[in-house]
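Biologist: I am new to this structure. Please walk me through how to read it.

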Amino acid sequence: VWDYTWTPGVPTPMHFHDKDVVVVFLDDGDLKSTTPDGKETVNEYKPGTTRFNLGGRTHTETLVRGKQRAIITELK
């Protein structure tokens, strides 16, 4: 489990999620996810939004609007 805060306009390093995760977003902000092939998706998150993401994905994320912090739990 970890607590992560995105910095506006600063992409996270490209990373690989080998496990499924549950993410609870705590603020109001939009994150752009970019895959290694350059495909971009922008997702809007409000406080309390909870997401389940399957493992096996590689991407970087950039905060493109507002502010965002999340509690992320890896599942074994």
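Modeller: Keep in mind that this is a predicted model. Start with the surface. Phe52, Leu54 and Leu75 make up a nonpolar patch there, and together they have about 290 Å² of accessible area.

Biologist: Where is Leu54 placed? Is Leu54 buried or exposed?

Modeller: Leu54 sits in the loop between strand S6 (50-53) and strand S7 (57-66). Exposed means over 50% relative accessible area. Leu54 has 57%, so it counts as exposed.

Biologist: And Asp30: buried or exposed?

Modeller: Buried means under 20% relative accessible area. Asp30 is at 11%, so it is buried. Its place is in strand S4 (residues 29-34). Leaving out residues up to four places away in sequence, Asp30 touches Val42, Asn43, Glu44, Tyr45, Thr62, Leu63, Val64 and Arg65.

Biologist: How many aromatic pairs does the structure hold?

Modeller: Three. One of them joins Trp6 and Phe25, with 6.3 Å centre to centre and 25° between the planes. Planes under 30 degrees apart count as stacked, and this pair is stacked. Trp6 lies in the loop between strand S1 (2-5) and strand S2 (15-17), and Phe25 in strand S3 (residues 21-25), so the pair ties together parts 19 residues apart in sequence. Trp6 and Phe25 are both buried.

Biologist: Why do the rings of Phe25 and Tyr45 count as stacked?

Modeller: Their centres are 3.8 Å apart and their planes are at 15°, so the pair is stacked. Phe25 is in strand S3 and Tyr45 in strand S5 (residues 40-45), so this pair ties together parts 20 residues apart in sequence. Phe25 and Tyr45 are both buried.

Biologist: Which residues do ring pairs link into a cluster?

Modeller: Tyr4, Trp6, Phe25 and Tyr45.

Key. Residues numbered from 1 in each chain as written. Predicted model: local features only at pLDDT ≥ 70, side-chain atom pairs only at ≥ 80, totals over all residues. Heavy atoms only, no water. Helix = DSSP H or I, 4+ residues; strand = E, 2+ residues; numbered from the N terminus. Buried < 20%, exposed > 50% of the residue type's maximum accessible area, 1.4 Å probe, protein only. Contact = heavy atoms within 4.5 Å. Patch = residues over 30% accessible without salt bridge, like charges linked within 9 Å, V, L, I, M, F, W, Y side chains within 5 Å. Areas by Shrake-Rupley, 256 points an atom, 1.4 Å probe, with all protein chains shown as cover. Salt bridge = Lys/Arg side-chain N within 4 Å of Asp/Glu carboxyl O. Phe/Tyr/Trp six-rings, centres within 6.5 Å; stacked < 30°, edge-to-face > 60°.
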